[in-house]
Amino acid sequence: MPAAVPPRLLRTADLLALEGSERVLEVGSGSGVLAELLLTRHPGLRYLALDRSAVAAGRTARRNAAATADGRLAVRTGEVEDAAGLLDADGPFDVVVAVNVNLFWTRDARAVSGALSGLLRPGGRLWLVYETPRGSSDERVLDPLLASLAVPRLVGPEGGAPVVVRDEVLAVGLRRRTGDDDTLV
């Protein structure tokens, strides 16, 4: 495990509340620190790391070589916008997580959110986590983020509003609809 895990990644690991046998997709895996943390804590996880940078994907694979060798981790290079096409064979996922992936708040990303929701099993969870600068307004990030997540398949834990966490991070959590309403597109 890395000597010093950034607080945003420790908080993300806590928010995910993994039981240990889930299938996890991390969008924007960077150098693979979150993957390493979660795979170390939960040896039963199946993990797919996606990053648009081949350099970052290579770092994730090297950092987590043992998990790659034993088949618990797969690393892909590609854009999140193309996630559905890149990952269909790897899903469905129990959890999709992205940390500091600006796409969701810097532009309308409803199409991407919709594609990611299609990769989740019914009841599966999506967490978007951001480390916002101290003293800055979270609304600058939160309002457009919520707009990008407004897709029919994603709902809050009780079928309503998303979970919004504001502590060491700004995080939004949703789940994929289950039951009769899961057929919504």
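# A working chat

Reader: Which residues does Ser148 touch, not counting those up to four places away in sequence?
Author: Phe104, Arg107, Asp108, Ala109, Arg110 and Ser113. Touching, or contact, means heavy atoms within 4.5 Å.

Reader: What kind of model is this, and how are residues numbered?
Author: It is a predicted model, where local features need pLDDT of at least 70, side-chain atom pairs count only at pLDDT 80 or more, and totals for chains, interfaces and linings use all residues. Residues are numbered from 1 along each chain as its sequence is written, and side-chain values use heavy atoms, with hydrogens and water left out.

Reader: Back to Ser148. Buried or exposed?
Author: Buried, because its relative accessible area is 1%. Buried means under 20%, exposed over 50%, and partly exposed in between (1.4 Å probe, protein chains only). Ser148 sits in helix H8.

Reader: What lies 3.1 Å from a polar atom of its side chain?
Author: The backbone oxygen of Arg107. A polar contact is a pair of N or O atoms within 3.5 Å; within protein, one must be able to donate a hydrogen and the other to accept it, and residues adjacent in sequence count only if both atoms are side-chain atoms.

Reader: Zoom out. How many helices and strands?
Author: Eight helices and eight strands. They are DSSP runs numbered from the N terminus: helices (H or I) of at least four residues, strands (E) of at least two. Of the 185 residues in the chain, 48% are buried.

Reader: What share of the contacts joins residues at least 24 apart?
Author: 72%, taken among contacts between residues at least 6 apart in sequence.

Reader: New topic. Which side chain does Asp94 make a polar contact with?
Author: That of Arg121, at 2.5 Å. Asp94 lies in strand E4 (residues 93-99). It counts as buried because its relative accessibility is 16%. Asp94 also touches Glu22, Arg23, Leu120, Gly124 and Arg125.

Reader: And H3? Which of its residues are buried?
Author: In helix H3 (residues 54-63), Ala56, Ala57, Gly58 and Thr60. Their cover includes strand E2 (46-51) and strand E3 (73-77).

Reader: What happens at the start of H3?
Author: A side-chain oxygen of Ser53 comes to within 3.2 Å of the backbone nitrogen of Val55.

Reader: Which residues have a positive phi without being glycine?
Author: Ala17, at about 45°, and Asn100, at about 55°, are among them. Ala17 is in the loop between helix H1 (7-16) and strand E1 (23-27). Asn100 is in the loop between E4 and helix H6 (103-106).

Reader: Are those two buried or exposed?
Author: Ala17 is exposed, at 52% relative accessible area. Asn100 is partly exposed, at 31%.

Reader: What about Pro152? Where does it lie?
Author: In the loop between helix H8 (139-148) and strand E6 (154-155). Pro152 is 25 residues from Arg177 in sequence, and 8.3 Å away in space, C-alpha to C-alpha.

Reader: Last one. Which lining residues lie nearest the centre of the largest pocket?
Author: Gly28, Arg52, Val101, Asn102 and Leu103, out of 16. On a 1 Å grid over the protein atoms alone, a pocket is an open set of points where a 1.4 Å probe fits, with protein on both sides within 12 Å along at least five of seven lines; lining residues have an atom within 4 Å of a point.
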